Amino acid sequence: MAIEDDVLVVGGGLAGTTAALAAAERDVQVRLVSYRQSTLRNASGLIDILGYTPAGDGPLVDPFEALDDLPTGHPYERVGSEAVREALAFFDGIVGDAYAGAHTDANALVPTHGGTVKPTARYPTSTAAGLASDDRDALLVGFETLPDFEAPLAASHLEAAGAPFTARGVTVRFPGIVRDDAKVTRYAHLLDHDETVETPAGETTAREALAETVRTHLEGEARVGFPAVLGDDRADAVRADLGDRLGVDVFEVPMGPPSLPGIRLEDLLYEALEAAGVRVTTGVPVVDYETDGERTNATDPERIDRVVVDRNGAEVPHRATQYVLATGGLVGKGVQSERDGVFEPLFDCHVPQPADRYDWFVDDVFGDQPYARFGLPVDRDLRPLDAGDDPEFSNLRAAGAVLGGYDFAAEKSGSGVSLATGYVAGRRAAEGCR
Amino acid sequence: MPRDTEVLVLGGGSTGCGIARDLAMRGLEVTLVERGNLTDGTTGRMHGLLHSGGRYAVSDQASATECIEENEILRGIAGHCVEETGGLFVQRPEDSDEYFQEKLEGCRECGIPARVLSGREAREVEPYLADDVARAIEVPDGAVDPFRLCVANAIDAENHGARVETHAEVVDLLRDGDDIYGVEVRHESGPGKRTHASPGTTEEITADYVVNATGAWAGQIGAMADLEIEVRPSKGVMTIMNVRQVDTVINRCRPKGDADIIVPHETTAILGTTDEEVSDPDDYPEEQWEVDQMIDTLSELVPILEEARTIRSFWGVRPLYEPPGTGTQDPTDITRDFFLLDHADRDGVAGMSSIVGGKFTTYRAMAEEIADHVCDKLGVTASCSTADEPLPGSENIETLEAGMDDFGLRSPVARRSTQRLGSRASEVLETDEPNPVICQCEGVTRAEIRDAISQSGSDLNAVRIRTRASMGNCQGGFCCQNMANELHPTYDEETVREALDELFQERWKGERHALWGEQLSQAMLNYALHATTMNRDHDPASATGDVDFAAFDGGRTASDRVDGTQGAD
């Protein structure tokens, strides 16, 4: 017996969850299956639309202005700039107060852990007081046991980047952290639960102890930035509490993996899936698919009848009217490679690529990297195209990093493309069920 | 005229550092100059094999005998650089029985302990050997860390009063008539430890005697004084696997050929190699077919290599030499023996000798012979003690391991740290400060990184070769930034940024040759981490032109701000 749904989304990252939510709004039964842990945990939690043009111009003040000039085949060009706005509004509705930036079309420049600024359209509320265009002076606080963020260095770096305020950095010991290799979730947990900690002055609570540690370093700054470890479930309360105690605005500086802002976004999205009635199964790979063999003309694309999901060794057929492929790019393993070629592993969709693997890269590490653009070409309905530019299947759409033709890292467009294409793929899939 | 130093050694590879240590221990005043980092030439680009001599037991028995002697000495003086893996010469069905027999007898003639294993016994030692491996000869090959060994020689030379200058390129030989009396060097960032973003300077260093130990680059040095030195540089590729598919050195038992050795090295296994003459040791093609050949051919011995993940490939250039008129066509036939060219005897130009040829395993013996020659020239009678005095890090290794506590580190990290640091472990790791892990892949802590920085300035590649940080699976994607963070505040932000960019680019260089499968995914992740969140590809601090911060979102026009000011929008 096959499991039956209207829309089946494969992949549980930003694109997959957005597609599932967009489809579910249209009164169809949606299921989402995912295999690997989502790459959201690696991501900063920032929602970028476009920070730089493909030619490298930027940082762009207004990302929307630049969308219409993108080259043919770019995912934004495929869905159109209006869909990008709709998708972003859809995202704003899902995350509510957890994110900021919707009050303007202008990008924000958010200081991140290396000390540079990154252009982004939406940002977690926890980073809002840290924006680089805010001219209030800032104190950055790093922790001796957290080598990913060297606050004095980041402060100097912001200055070198020309930020319009004075930043100072200090490094302190995080009260209550006794192991040098404590994970970031341990820091967050201490603050979430305001645990009792030992300090030289005696027993106190984690938030109080941290505030006291920082207080002695304040020199009148109106805002204080910490690495993004300020709580998980109760991050807003932790931030507010620290801010009250110090009399400043507190903000987080986005960090590398594992990233708490990324994890918090993932939690928000999965709560939304549950609320929307999307059936979610994680940790299960799609291992095979079958087409129904029915088509009027030999030249028509085939229709996917079912996919086979491996549930702990049992091969369970999952049937749906429409399918969305949102399995990620090279990092998420939705696009894979061997010595002699790059491929899409589930449906074997066409991936354009230079024949010689020594043409997959250029020598400058930050040069115009062909491998960064690997992924599926799609039509304007987001259906993957074969080598002859015809749809691979009539009822399969692709969204997010599995798409080719754009370099999300250079453009700072990864989240925006996932949102826009996930949104459009989900909506079209739902419409296709009628 | 008084000279700046008694002996000036050119080249900071194993030979140059070995000579500097030897002469400094004999009480001579020594200066060593190296154009890049220590090991940057050939030493840092070898497969890490500590020869038992088995490889030369048929073709070159003099070299084989010297190898086993030096192999035993290095286990004694450099225990913290050597892993006693053992080695196998493996015979496949198509490999000749006659050669197998010659190899076995050759080993015995050269004093190399050798024992024949059946195919089944060989697979008990190395389970991933191919099912049709017929039999094997077991020999005492080992794995050696060339970086650690070379640096230990340099440190010991310094401990005996030598001056070691890296990033000091020789731009001219100082010659007065028929006498060479020194060099002019260009210090990339001034003399002393390297600091990025510091201006370069030049310096003339005069010496009673100059030793040209620049290996494949010896001809270029010679040319500065119109001396012709016929080095025949020959390139070889090495491909690094992400795990140790084997724990024993695996050699193919056949006369000669490319892609015939696998060396377990730290957390990795290194496949080697090719042998092709090149015209310029700094500029030669690094080709896809070479990498493919390593994997395809060595999969005949260890089939899982076909599907395994490689993390990078690199090429080294052998400093081969043969006397004029020998006329060997195939570089694989050129002797691996070394030659001491005294330019006084050879060219009528006094004051300098060049060393060419040779191999890593016998670097110490070469250094001894050259140091003897230099002492002879300078009328010094002191004798060599390098075979008996342990290198820094290898003193009292046994008692050290017996009495080791773990410095508060999780035990696998402590074990790896102490293996790398040897008897220096307590000096480096004992700290009251927090000591978090900086490089997760290789288990390198802050204290070890800072120790390396104290030796080598702002040069993160020099830190890398001392610690192995950024040499694991992620190839620096996760740890480069953290390594750079440790440079601050000793070095300023601009210096840190340049040092980070240089390390990240260097890591990418080798990774390009492993860009498929898992490592392509890793490369994309690394690129995304550094470009997406950190925006290092468009860092306004490094870019030309200013950012108009006021034009961007400055936050809500919030009256709830602490100081009540308006945002910029």
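Q: How many residues does the contact take from chain B, and how many from chain A?
A: Happy to start there, with the reminder that this is a predicted model. The contact takes 69 residues from chain B and 80 residues from chain A. Contact here means heavy atoms within 4.5 Å.

Q: What is the area buried between chain B and chain A, and what share do carbon and sulfur atoms give?
A: About 6,500 Å² is buried between chain B and chain A, and carbon and sulfur atoms give 59% of that area. The rule also finds 7 salt bridges across this interface.

Q: Why is the pair A:Arg357 and B:Asp292 called a salt bridge?
A: The criterion asks for a side-chain nitrogen of Lys or Arg within 4 Å of a carboxyl oxygen of Asp or Glu.

Q: What is the salt bridge count over all chains?
A: By this rule it comes to 95 salt bridges. One of the pairs that meet in a salt bridge is B:Asp132 with B:Arg92, at 2.9 Å from N to O.

Q: What makes the pair of B:Asp132 and B:Arg92 a tie between parts that are apart in sequence?
A: B:Asp132 lies in the loop between α4 (119-125) and β7 (135-139) of chain B, while B:Arg92 lies in the loop between β5 (87-91) and α3 (97-109) of chain B. The pair therefore ties together parts that are 40 residues apart in sequence.

Q: Which domains does the assignment give for chain B?
A: The assignment gives domain 1 (5-42 + 147-230 + 336-378), domain 2 (84-140 + 233-317) and domain 3 (407-538). The centres of domain 1 and domain 2 of chain B, taken over C-alpha atoms, are 33 Å apart.

Q: How do you know that domain 1 and domain 2 of chain B are in contact?
A: On the 4.5 Å heavy-atom criterion, 7 residues of domain 1 of chain B are in contact with 7 residues of domain 2 of chain B. These two domains bury about 550 Å² between them, with 35% of it on carbon and sulfur atoms. The count between them is 3 salt bridges. Elsewhere in the list of pairs, B:Arg35 and B:Asp282 meet in a salt bridge at 2.5 Å, N to O.

Q: How many residues does the contact between domain 1 and domain 2 of chain A take from each domain?
A: The assignment for chain A gives domain 1 (3-98 + 263-431) and domain 2 (113-253). Their contact takes 15 residues from domain 1 of chain A and 14 residues from domain 2 of chain A. The area buried between them is about 1,200 Å², of which carbon and sulfur atoms give 52%. The count between these domains is 3 salt bridges.

Q: What makes A:Asp48 and A:Lys118 a salt bridge?
A: Their closest N and O atoms are 2.8 Å apart. The cut-off is 4 Å, so this Asp and Lys pair qualifies.

Q: Why is the largest cavity said to lie between two domains?
A: Domain 1 and domain 3 of chain B both give residues to its lining, so the largest cavity lies between them. Its volume is about 210 Å³. Of the 18 residues that line it, the closest to its centre are B:Arg148, B:Arg420, B:Arg424, B:Gln455 and B:Arg466. The largest share of this lining, 5 residues, comes from α5(B). By class, the lining has 8 nonpolar, 4 polar and 6 charged residues.

Q: Which helix gives the most to the lining of the second largest cavity?
A: That is α16(B), with 4 residues. The second largest cavity has a volume of about 90 Å³. Residues of both chains line it, among them A:Leu153, A:His157, B:Val496 and B:Arg497.

Q: Where is a cis peptide bond found in chain B?
A: A cis peptide bond joins B:His488 and B:Pro489, with omega about 5 degrees. B:Pro489 sits in the loop between α15 and α16 of chain B.

Note on methods
Residues are numbered from 1 along each chain as its sequence is written. Chains are lettered from A and ligands numbered from 1 in the order in which they are written. This is a predicted model: local features need pLDDT of at least 70, side-chain atom pairs count only at pLDDT 80 or more; totals for chains, interfaces and linings use all residues. Side-chain values use heavy atoms; hydrogens and water are left out. On a 1 Å grid over the protein atoms alone, a cavity is a set of points where a 1.4 Å probe fits but cannot get out, and a pocket is an open set with protein on both sides within 12 Å along at least five of seven lines; lining residues have an atom within 4 Å of a point. Grid points are joined across faces, edges and corners, and a volume is the space filled by probe spheres set on the points. Helices (H or I, at least four residues) and strands (E, at least two) are DSSP runs, numbered from the N terminus. Ala, Val, Leu, Ile, Met, Phe, Trp, Tyr, Cys and Pro count as nonpolar, Asp, Glu, Lys and Arg as charged, and the others, Gly among them, as polar. Domain bounds come from an automatic or database domain assignment. Buried area is the accessible area (1.4 Å probe) that two parts lose on being put together, summed over both.
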